[in-house]
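Biologist: Please put the model on the screen. I will then ask about it piece by piece.

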Amino acid sequence: MGSPLRRPLVAANWKMNGSRAANGAWVSAFSGVDTPCDVVVAAPAVYVAELAATFAGTRVECGAQNLNEHQAGAYTGEISAEMLVDVGCRWVIVGHSERRQLYGESNATVASKSERAVSTGLRPIVCVGETLEEREAGRTFQVIQAQLAAILELLSVDELAQGALAYEPVWAIGTGRTATPDQAQEVHAALRAQLADRDAGTAMALRILYGGSVKPANAADLFARPDIDGGLIGGASLIASDFAAICAAAGGTAAR
Ligand code: PGA
């Protein structure tokens, strides 16, 4: 697993799934599970307050899936970083490819949101990733490095390290088509090298998660790679026992 410098992190991205009843059942099923890694559950915004209260005092922390880049005001339907903090949220996913693709979030917007998160003490999980078309055109590194460069215009590596970076190839999300451990490691290493250009010491401490069709069956192989420090888990996170198995795979050989 990753490096002993970095404690593994596994984050659930429930996306637009769940209900109070289903969430309660998930929490009960997961409550007895030993989690040898840091664990975050990023829930739909309406459930964040209740889940944050439920997880208080456990090793699971609650996250949101989005935030607005402004502080307050006339932004109908939006939720600020301060509001998330107010209800006990600790983490927030920023720049997920579904937000970039379906809701038009640009690299600049993702950077502003990341900055807002950090300025309020929320820990961002900032997502980067290429589409299939970009990969096939040989542009993977160019796309990902531009996405990270936009973040680093507003955040220092140290600030980003308060959260995590997530590599999520768009073609692997929800498709059952996972990046191979080699493909993922290659990109993670490039991201870490880009971070190291700015701040070599902190780059070694920053966690880079892989996301995209991670399942209990493939998690251990991915997490065994030196620059893969955990995962951002969509579909498989909805089933508490699958998510627990993925957390166990991240705990394997890691720093405690
Ligand atoms: P997936 O989603 O695990 O269902 O592929 C990952 C994500 O979108 O974060």
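Biologist: At what angle do helix α5 (residues 107-119) and helix α7 (residues 140-154) pack?

Modeller: The axes of α5 and α7 are 8 Å apart, an axis being a line fitted to C-alpha atoms over the stretch in contact, with angles from 0 to 180 degrees between N-to-C directions. The model is predicted: local features need pLDDT of at least 70, side-chain atom pairs count only at pLDDT 80 or more, and totals for chains, interfaces and linings use all residues. Residues are numbered from 1 along each chain as its sequence is written, and side-chain values use heavy atoms, leaving out hydrogens and water. The angle between α5 and α7 is about 45°.

Biologist: Which word describes how α5 lies to α7?

Modeller: Angles under 35 degrees count as roughly parallel, over 145 as roughly antiparallel, 65 to 115 as roughly perpendicular and the rest as oblique. The angle of about 45° therefore makes α5, relative to α7, oblique.

Biologist: Which residues of α7 meet α5?

Modeller: A contact is a pair of heavy atoms within 4.5 Å. From α5 come Asn107, Val110, Ala111, Ser112, Ser114 and Glu115. Their partners in α7 are Ala146, Gln147, Ala150, Ile151 and Leu154.

Biologist: How far apart are the axes of α7 and α9?

Modeller: The α7 and α9 axes make an angle of about 40°. Residues in this contact include Phe141, Leu148 and Leu152 of α7, and Val187, Leu191 and Leu195 of α9. The distance between the α7 and α9 axes is 11 Å.

Biologist: How are α11 and α12 oriented to each other?

Modeller: Their axes are 8 Å apart, at an angle of about 20°. In the contact, Pro216, Ala219, Ala220 and Phe223 of α11 meet Asp242, Ala245, Ile246, Ala249 and Ala250 of α12. The angle is therefore one that counts as roughly parallel.

Biologist: In which strand is Glu61, the partner of Arg90?

Modeller: Helices (H or I, at least four residues) and strands (E, at least two) are DSSP runs, numbered from the N terminus. Arg90 and Glu61 form a salt bridge, 2.7 Å from N to O. The pair ties together parts 29 residues apart in sequence, because Arg90 is in the loop between α3 (81-86) and β4 (91-94) and Glu61 is in strand β3.

Biologist: Are Arg192 and Asp227 buried or exposed?

Modeller: The two form a salt bridge with closest N and O atoms 2.5 Å apart. Arg192 is in helix α9 (residues 181-198) and Asp227 in the loop between α11 (216-223) and β8 (230-233), 35 residues away. Buried means under 20% relative accessible area, exposed over 50%, partly exposed in between (1.4 Å probe, protein chains only). Both Arg192 and Asp227 are buried.

Biologist: Which residues are linked with Arg192 in a network of salt bridges?

Modeller: The structure holds 14 salt bridges. In this network, Arg192 is linked with Arg6, Asp227 and Asp229.

Biologist: What is the relative accessibility of Ser213?

Modeller: Ser213 lies in the loop between β7 (208-211) and α11. Its phi is near 55°, a positive value in a residue other than glycine. Ser213 counts as buried because its relative accessibility is 10%.

Methods
Salt bridge = Lys/Arg side-chain N within 4 Å of Asp/Glu carboxyl O.
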